[in-house]
Amino acid sequence: TPGIAEWYAYAPKKQVEADVALVESGEMTKDAFAAKWADKLIDVEHPDLGPKSNLFCSAGGDRMFLIGDRLTQLGFGSVNNFNHGGVCGMTGVMANVRTHPTTNHKRMYADIDHCECLIIWGTEPMTANKGPSWLAPRLSVARERGMKLYVVDPRQGRSASKADVWLPVIPGKDAELAFAHPTTNHKRMYADIDHCECLIIWG
């Protein structure tokens, strides 16, 4: 198995940018630039991609000051350091804040204590939290009082094992399932349109 040492290389950003400026001004040829940096850069035709060290990527959550800052950026010299907060935290927080401009709700959770039917999709509230999940006992209590639970998850985790229905969606097919849901409901709605009391059409 090839190791990191076989492809790893680092190039100081300022030095590369200085040479790029020389190429743009005509003081250095592209061939001379390529000869100097070919072993260090991912692609000499696109020096903005940076050094081969950027081929190393870390995607983490907690303790990013250690894994991200110290290991990835300072240790490996890679800019590809992604915190999960940039993917889920920002989108969730900003969506909630903009939806509730007067209260600035940053986090919204299902009202499990009063919920009659819960669909868990794309998460594992029984275990996917920092330490013991605060949702686990509340989900258990809700199930005991009769709350219906549906879980969409490729694997049968803790939540799926307690669900009324576990739908093991094929990984990567979540979008198709999501689009199929309103389509199916739409067709069913038209099938019984004579007895429909409320018609909602989306597109």
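Guide: What follows takes the descriptions one at a time, bearing in mind that the model is predicted.

Visitor: Why is α1 called roughly antiparallel to α2?
Guide: Helix α1, residues 13-25, and helix α2, residues 30-37, pack at an angle of about 165°, with their axes 9 Å apart. Because angles over 145 degrees count as roughly antiparallel, α1 is described in that way relative to α2. The crossing of the two helices, α1 and α2, is right-handed.

Visitor: Which residues make the contact between α1 and α2, and how do they divide into nonpolar, polar and charged?
Guide: From α1 come Q15, V16, D19, V20 and V23, while α2 contributes K30, F33, K36 and W37. The residues of this contact of α1 with α2 divide into five nonpolar, one polar and three charged.

Visitor: What makes T72 count as buried?
Guide: T72 has a relative accessibility of 0%, and because buried means under 20%, T72 counts as buried. T72 lies in helix α3, which spans residues 64-75, and, leaving aside neighbours within four places in sequence, T72 is in contact with F56, S58, I67, G77, S78, N80 and N81.

Visitor: What share of the residues in the protein is buried?
Guide: Buried residues make up 24% of the 203 residues in the protein, and the accessible surface comes to about 14,600 Å², of which 57% belongs to carbon and sulfur atoms.

Technical notes:
Residues numbered from 1 in each chain as written. Predicted model: local features only at pLDDT ≥ 70, side-chain atom pairs only at ≥ 80, totals over all residues. Heavy atoms only, no water. Helix = DSSP H or I, 4+ residues; strand = E, 2+ residues; numbered from the N terminus. Buried < 20%, exposed > 50% of the residue type's maximum accessible area, 1.4 Å probe, protein only. Contact = heavy atoms within 4.5 Å. Areas by Shrake-Rupley, 256 points an atom, 1.4 Å probe, with all protein chains shown as cover. Axes fitted to C-alpha atoms, helices over the stretch in contact; angles between N-to-C directions. Parallel < 35°, antiparallel > 145°, perpendicular 65-115°, else oblique. Left-handed = near helix turned anticlockwise from the far one by under 90°. Nonpolar A, V, L, I, M, F, W, Y, C, P; charged D, E, K, R; others polar.
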